[in-house]
Amino acid sequence: MRSYRSVFISDVHLGTADCQAEYLLDFLNQVRCETLYLVGDIIDLIAMQRRVHFPDSHQAVIHKLIELAASGTRVVYVPGNHDDFLRRFCGQTIAGIELRYKAIHTTADGRRFMVCHGDQFDQVVRCSPLMLLVGDRAHGILLRLNRWFNAWRRLKGKPYWSLAAWVKSRIGKARTFIRRFELAALTVAEKGNYDGFICGHIHSAGFLRSEDGLYCNDGDWVEHCTALVEQENGTLELLHWSENPNVLAREPDAPHPDVCGDARPVIDALPTAFVEQVNRLVS
């Protein structure tokens, strides 16, 4: 059993065939924490309007989350764009789980992080509608290939490996989008006088430290099977969890040179009204 002060997971997409529910359930059974943040897109209500895929493993995840809340773990659910319907219940507690539009998390070493899903930044890092349509369709095909590829690997006795993540890491436009997203989140945190930002949404786990803040993305349970965890001393780490759980990364000590001083791209110049809107909605 592994113990952490806080755990952050997002983009589980329960209700879809691509959800890696078995790995997540194993993670939840093997980890203990004081606070568990569900950072959006836990249930994919959008995909379920077209086709529902909700096997026993998906139901078991829901039951486990309710069990954790009942047994003393503080569970905070911050809905995303795929479970946007639940945002109308923010401010309420359902089955012991707190629903919040956004949250503020204070680490053991006193740092304050804004926590939200991250779809709020789509308006400042958006692609054209045509590119989004092409991207969604291509991503769906890529996830199906990923599912078939890993089914073949299991037959061969090999551990999980994300084909989808490998392909996306080699697409220049995807890397550009991710960096713009990271910088938008960092800018909102810095201008809101927070020490950092914790989110999901883009299915790309990672850290990015600037001179004034720390961006953290907890990844997903569709392609990467990752979680962000806080140690008892406040240090943040990214875990990958499948057949061979391991620490993917620890928060960097020094700012990334690409986002320091004059090297920082112009996305830093976010509209003041947008920054105020995101900060105002923190509950």
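Visitor: Is Phe 181 buried or exposed in this model?

Guide: A residue counts as buried when its relative accessible area is under 20%. In this predicted model, Phe 181 has a relative accessible area of 0%, so it is buried. Across the protein chain, buried residues make up 51% of the 283 residues.

Visitor: How many aromatic pairs are there, and how should I read their geometry?

Guide: Two rings pair if their centres lie within 6.5 Å, and planes over 60 degrees apart count as edge-to-face. By this rule there are seven aromatic pairs. One of them joins Phe 85 and Phe 89, edge-to-face, with 5.6 Å from centre to centre and 70 degrees between the planes. Phe 85 is partly exposed, at 41% relative accessibility, and Phe 89 is also partly exposed, at 26%.

Visitor: Which ring does Phe 181 pair with, and where do the two residues lie?

Guide: Phe 121 and Phe 181 form an edge-to-face pair, 5.6 Å centre to centre with 85 degrees between the planes. This pair links distant parts of the chain, since Phe 121 lies in the loop between β7 (112-115) and α4 (122-125), whereas Phe 181 belongs to helix α7 (residues 172-191), 60 residues apart. Phe 121 counts as buried, at 0% relative accessibility.

Visitor: Which residues make up the cluster that ring pairs link?

Guide: Ring pairs link Phe 121, Phe 181, Phe 197 and Tyr 215 into a cluster.

Visitor: What share of the chain's contacts joins residues at least 24 apart?

Guide: Among contacts between residues at least 6 apart in sequence, 69% join residues at least 24 apart, in a protein chain whose secondary structure comes to eight helices and 13 strands.

Notes. Residues are numbered from 1 along each chain as its sequence is written. This is a predicted model: local features need pLDDT of at least 70, side-chain atom pairs count only at pLDDT 80 or more; totals for chains, interfaces and linings use all residues. Side-chain values use heavy atoms; hydrogens and water are left out. Helices (H or I, at least four residues) and strands (E, at least two) are DSSP runs, numbered from the N terminus. Buried means under 20% relative accessible area, exposed over 50%, partly exposed in between (1.4 Å probe, protein chains only). Contact means heavy atoms within 4.5 Å. Rings of Phe, Tyr and Trp (its six-membered ring) pair if their centres lie within 6.5 Å; planes under 30 degrees apart count as stacked, over 60 as edge-to-face and the rest as tilted.
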